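User: Hi, I have a structure to get through today. Can you walk me through it in plain words?
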Amino acid sequence: FCEKALELIRELQRMGDGQLPAFNEDGIRQVLEEMKALYEQNQSDVNEAKTEGKSELIPTIKFRHSCLLRNQRCSAAYLYDRLLRIRALRWEYGSVLPTTIRFHMCAEETEWFNQYKKSLATYMRSLGGEEGLDITQDMKPPKSLYIEVRCLKDHGEFEIDDGTVILLKKNSQHFLPRWKCEQLIRQGILEHVIS
Amino acid sequence: MADVLSDAGDVSGEEGSQEDVMTPAELISKLQEAWLNEKFAPELLENKSELVECVMEQLTHMEENLQRVRKGDVKASVHRMEIDRIRFVLSSYLRSRLQKIEKFFPHVLEKEKSRADGDPSFLSPEEFAFAKEYLANTEVYLRTVALKHMPPNLQSIDMLKAVPEPCLDSFVFLRVKETQENILVEPETDEQKEYVVDLDEGSQHLMRYRTIAPLVASGAVQLI
């Protein structure tokens, strides 16, 4: 018993820090089925013990109950750990997740992510005065004002503060204000060139 | 840094001087203290929303100042750097808080609910709303994906037990700002006995957070 539940946890442990493997729907379903079977066996045993006074069934009942608790705990741990990884994705990638990752999330996880995004956005908007503060920016202490970046993918036009429009074409290099580039660097569109 | 801030300080002094009882330099140093304390404390510290508001105001004024300066002027880039630095510290401070709220969410909400009316709050109203939403979101998720398919007697999870509490016994470095006498240090193991230490101003120590938690709250020590 509880083997499948443990396997789910091991699966998450194997994936290197923060990666999100595909949602193991099968695994969860098996754990739930095992729980159902255990519970039903327990129910019938409890009835038997009550009506026929078979107290030797009680240790088995207790054992099954602790298996049930274990399964509940393991599956909750699996699901919760996935949520934590998904939460980290919002901070890493921004509001729009890469499609590969989206395929690894089940519908409810996507729903959780959307809700989390909304909560976070409401909170950030409420900071300070009018527009709030986007605290997902400025992740590292600023070292220099402008940085050299290389464009990794075509991204089209990009406007900076004083109105100039820069065309971000693959492999072009630019000298841009740091604060404008942060999000693009994290999304993998720009690359900070340290020479 | 002082005269960049005093430039901005002149502007804010005219408009919001009733609320700003500190000079901008004092404000920023208070922000840095709060930031370091929050970063190194294992639990969520008192909410400092007036400080956050003042700093945001300060940043807005500095940005406005910056718009007026001619481009390419050296002063502009110094101002810009300063704004970036302050914004980083503020963001990092708020991020630390949010991370702790998310990590300990059931305990944080419980603490806030059970505090007496006169006590200072740990969560700003917005943080409280965020924490509540986070709890509801997670509960709904767990229920929909797994719990409702489980046997009837296992369909709920006690969040307070399921989510670990902050470890108040973790060790922190601190610098003493105001001399403290007779701080009682509880024994860690059964063989030790409790003893008393005196903390002199300016000295630095490594202690369990639990022992000095009230001193952090009162501002008598600074975590480093």
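Predicted model: local features only at pLDDT ≥ 70, side-chain atom pairs only at ≥ 80, totals over all residues.
Analyst: Start with a term: accessible areas come from the Shrake-Rupley method with a 1.4 Å probe, and for residues only the protein chains shown count as cover. Chain A exposes about 11,200 Å². Carbon and sulfur atoms supply 52% of that area.

User: How many helices and strands are in chain A?
Analyst: Chain A has six helices and five strands. Both are DSSP runs numbered from the N terminus: helices are H or I with at least four residues, strands are E with at least two. In sequence order the pattern is α-α-α-α-α-β-β-β-β-α-β.

User: What share of chain A is buried?
Analyst: Buried residues are 42% of the 195 in chain A. Buried means under 20% relative accessible area, exposed means over 50%, and partly exposed is in between (1.4 Å probe, protein chains only).

User: And contacts in chain A?
Analyst: A contact means heavy atoms within 4.5 Å. Take the contacts in chain A with a separation of 6 or more: 58% of them join residues 24 or more positions apart.

User: How do α1(A) and α2(A) cross?
Analyst: Helix α1 (residues 3–14) and helix α2 (residues 25–52) of chain A have axes that come within 8 Å and cross at roughly 150 degrees. Axes are lines fitted to C-alpha atoms, for helices over the stretch in contact, and angles run from 0 to 180 degrees between N-to-C directions. So α1(A) and α2(A) are roughly antiparallel. The cut-offs are under 35 degrees for roughly parallel, over 145 for roughly antiparallel, 65 to 115 for roughly perpendicular, and oblique for the rest.

User: Which residues of α1(A) and α2(A) make the contact?
Analyst: K4(A), A5(A) and L8(A) come from α1(A). G27(A), I28(A), Q30(A) and V31(A) come from α2(A).

User: New topic. How many salt bridges are there over all chains?
Analyst: The whole structure has 15. A salt bridge is a side-chain nitrogen of Lys or Arg within 4 Å of a carboxyl oxygen of Asp or Glu. One of them joins K111(B) and E43(B), at 3.3 Å from N to O.

User: Why does the pair K111(B) and E43(B) tie together separate parts of chain B?
Analyst: K111(B) lies in helix α5 (residues 105–113) and E43(B) in the loop between α2 (24–40) and α3 (49–68) of chain B, so the pair ties together parts 68 residues apart in sequence. K111(B) is partly exposed at 32% relative accessibility, while E43(B) is buried at 15%.

User: Which residues are linked in a network of salt bridges?
Analyst: E38(B), R97(B), K100(B) and E127(B) are linked that way.

Notes: Residues numbered from 1 in each chain as written. Chains lettered and ligands numbered in written order. Heavy atoms only, no water.
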